[in-house]
Amino acid sequence: MTVPTDRSGAAADTIRGGLRRRRVRAQVRGVPLPLLVPALIGVAFLVVPLIALLVRAPWRSLPELLTSAEVWQALRLSLVCATAATAVSLVVGVPLAWLLARVEFPGRGLLRALVTLPLVLPPVVGGVALLMALGRNGIVGKTLDSWFGVTLPFTTAGVVVAEAFVAMPFLVISVEGTLRAADPRYEEAAATLGASRFTAFRRVTLPLIAPGIAAGAVLAWARALGEFGATITFAGNFPGRTQTMPLAVYLALQSDPEAAIALSLVLLAVSVAVLAGLRDRWMTAG
Amino acid sequence: MTEPEPKKSTAAQRTVHDVHDARDVRDVRDRHDVNDVRPADSLADELDVRRAGATADGLDAHLVVQRGAFRLDVTLNVAPGEVVALLGPNGAGKTTALRALAGLTPLTDGRLRLDGSALDGTPPESRPVGVVFQDYLLFPHLTALDNVAFGPRCQGATKAEARAQAAEWLDRLGLAAHAGAKPRRLSGGQAQRVALARALATRPRLLLLDEPLAALDARTRLEVRAQLRRHLAEFEAVAVLVTHDPLDAMVLADRLVVVEHGRVVQEGAPSDIARHPRTDYIAQLVGLNLYRGEADGHTVRLDAGPPITTTEVLSGPVFVAFPPSAVTLYRDRPTGASARNLWHCEVAGLETHGDQIRADLTGELPLAADLTTVAAAELDLHPGARVWAAVKATQTHAYPV
């Protein structure tokens, strides 16, 4: 093939673009109806509620609704608790992921199943379980209360505990996956250079899997931010102390639907921001 | 005859050219004349002297690693300053041996002593061992300087000290200009030298190199091989390298240890191994036709095949070797042949081999023969053609098993 001149090159590009468009159209035409129709219904099912939220939003009174003290209180509490829960998840979740990915021990599969159970467990059940463990009369909570005077249920710390319980498995699974994909021979190379296993983890593995940890942390944070069931069960619903955004939305819906919509919009915006932050990782799959 | 059997013509051609280069690098080695029957005793003496030194200082290892059905059982004695190459086909257990030396794979049995102290139970981070990995494994998030400083840092140097040492090593390897570069910005040859600097910066008593040149393209390889040879010559402690490339092994190492199926099948100076191969694998590597049989005077009766007449007078089990260039091919049975070995063969394949053609023959005796393009055309050689192959007795070389 000879090198085309500018004009013929441009023409070729146009032709090629046209071909591509035609090919795309042909591909769409080739999709069988029994697949296309349910797929479109699925799209509508997922997208229409979000559109409805935007359509019904009380745009005019929105600034007023969102600047109320209650909203700010709930939003601040949500952000603080979700961030704290993510921090807790990172501190214990990353080492846990490393253990699951790098150390061979009997019962590893069982342990992995156990720690990821909260992923599929109904959050309310998680809340009840937390009460049984960390409540005033719980098997651990009793000791915490009598020895250290620490009470977790129905406190802001309780919100963090409930959110971390639900969100940490997301982080563990994400980081473990990244660790498994990372070449363990870098750790071997570090060992031959005199690094202990911990030094190798800290100075080599951790920087290498940082993107995976970040993605896992964002995922856990988003999950913690939306946490409802475990939080309301374990920490209750006290404005300013344990009432996070999702609880506020639920409560507002019963008394002031417009406020509920406004609060929902804030959470939607946060979710979109999270997705935008992760787009490099997940939305390029196609 | 140092060329390996040209199964893949491109690889073979590369090796042919490389051999000439190797000769320049190490002209001391005369491994081209089969008839040079230098007594093996002097070589053995040389090795014995080295081994005697190795018992006190250096590496004294008997590596046994059992993994499923595969068993590695290799004994290695290397004196300080000596460079030994573990040479063998893929899957022979060379890398397992290297990993066992580094402590990355536990020994099932055997012993491992370095400079008189046992290393068997020592974890890899506490062994005075430096490793240059096949794909270097430079830490991608650290600069070349910090990669090299990593070892000194782990050994307790302060950040400033470690960096100063690293800068010195990079300078010594001619990489001062690339100290701030991340590994992905380095060329293959530069990355290889950074990996070497990183391994040397821990001041190891045992330097291990896993296929040090395998990741490089042919051009870089020549240059890096010569440089690596120089750096290894300067290294005062034990160096063990693993390779499947005979040329790398011969250029870089003082002594070869050939490993097949987890066992040492032959070891010695490169020239000795090139002259006296003991397995088909080595014979192919060094480009010799190799047969095993029973000698009776000038005649060697092969285990399978016709007798071969040799100049040596031997008895008992022997190897007979001759280079492909010693074979002369005839279309018709030659008459009046003197003390000649003559076999009726069939051409199985033809390959270009530098400016020569190598014919792969089957029939009475399977062998490889080199001839010029002109000769091949005159003989009208093609796969399936019947030819007579002759080898003068003086061109063969027999030696006891």
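This tour of a predicted model goes from the interface of chains A and B to a sheet in chain B.

**The interface**

Select chain B together with chain A. In contact here are 21 residues of chain B and 17 residues of chain A. Between the two chains an area of about 1800 Å² is buried, and carbon and sulfur atoms give 66% of that area. Next, pick Glu125(B), Leu137(B) and Phe150(B): these supply 31% of what chain B buries against chain A, more than any other three residues.

**Polar and charged pairs**

Zoom to Arg99(B) and Glu188(A). They form a salt bridge, with the closest N and O atoms 2.8 Å apart. The count of salt bridges between chain B and chain A is 2. Across this interface, 4 residue pairs are in polar contact, both residues at pLDDT 80 or more.

Now colour the side of chain B that touches chain A by element. Helix H3 (94–102), strand E6 (129–132) and helix H4 (144–154) of chain B each give two or more residues to that side. H4(B) gives the most, with 4 residues. By residue class, this side of chain B divides into 13 nonpolar, 3 polar and 5 charged.

**The sheet in chain B**

Move on to residues 289–302 of chain B, strand E11. The open sheet here has 3 strands in the order E11-E12-E18 (chain B), with antiparallel pairing. E11 and strand E18 (397–400) of chain B are the edge strands, each pairing on one side only. From one strand to the next the twist averages 40°.

Finally, select strand E12 (residues 307–322) of chain B with E18(B); they pair in the antiparallel sense over 4 bridges. Show Val318(B): the bridge partner of this residue in E18(B) is Pro400(B).

Definitions and conventions: Residues are numbered from 1 along each chain as its sequence is written. Chains are lettered from A and ligands numbered from 1 in the order in which they are written. This is a predicted model: local features need pLDDT of at least 70, side-chain atom pairs count only at pLDDT 80 or more; totals for chains, interfaces and linings use all residues. Side-chain values use heavy atoms; hydrogens and water are left out. Contact means heavy atoms within 4.5 Å. Buried area is the accessible area (1.4 Å probe) that two parts lose on being put together, summed over both. A salt bridge is a side-chain nitrogen of Lys or Arg within 4 Å of a carboxyl oxygen of Asp or Glu. A polar contact is a pair of N or O atoms within 3.5 Å; within protein, one must be able to donate a hydrogen and the other to accept it, and residues adjacent in sequence count only if both atoms are side-chain atoms. Ala, Val, Leu, Ile, Met, Phe, Trp, Tyr, Cys and Pro count as nonpolar, Asp, Glu, Lys and Arg as charged, and the others, Gly among them, as polar. Two strands pair if DSSP finds at least two bridges between them. Axes are lines fitted to C-alpha atoms, for helices over the stretch in contact, and angles run from 0 to 180 degrees between N-to-C directions.
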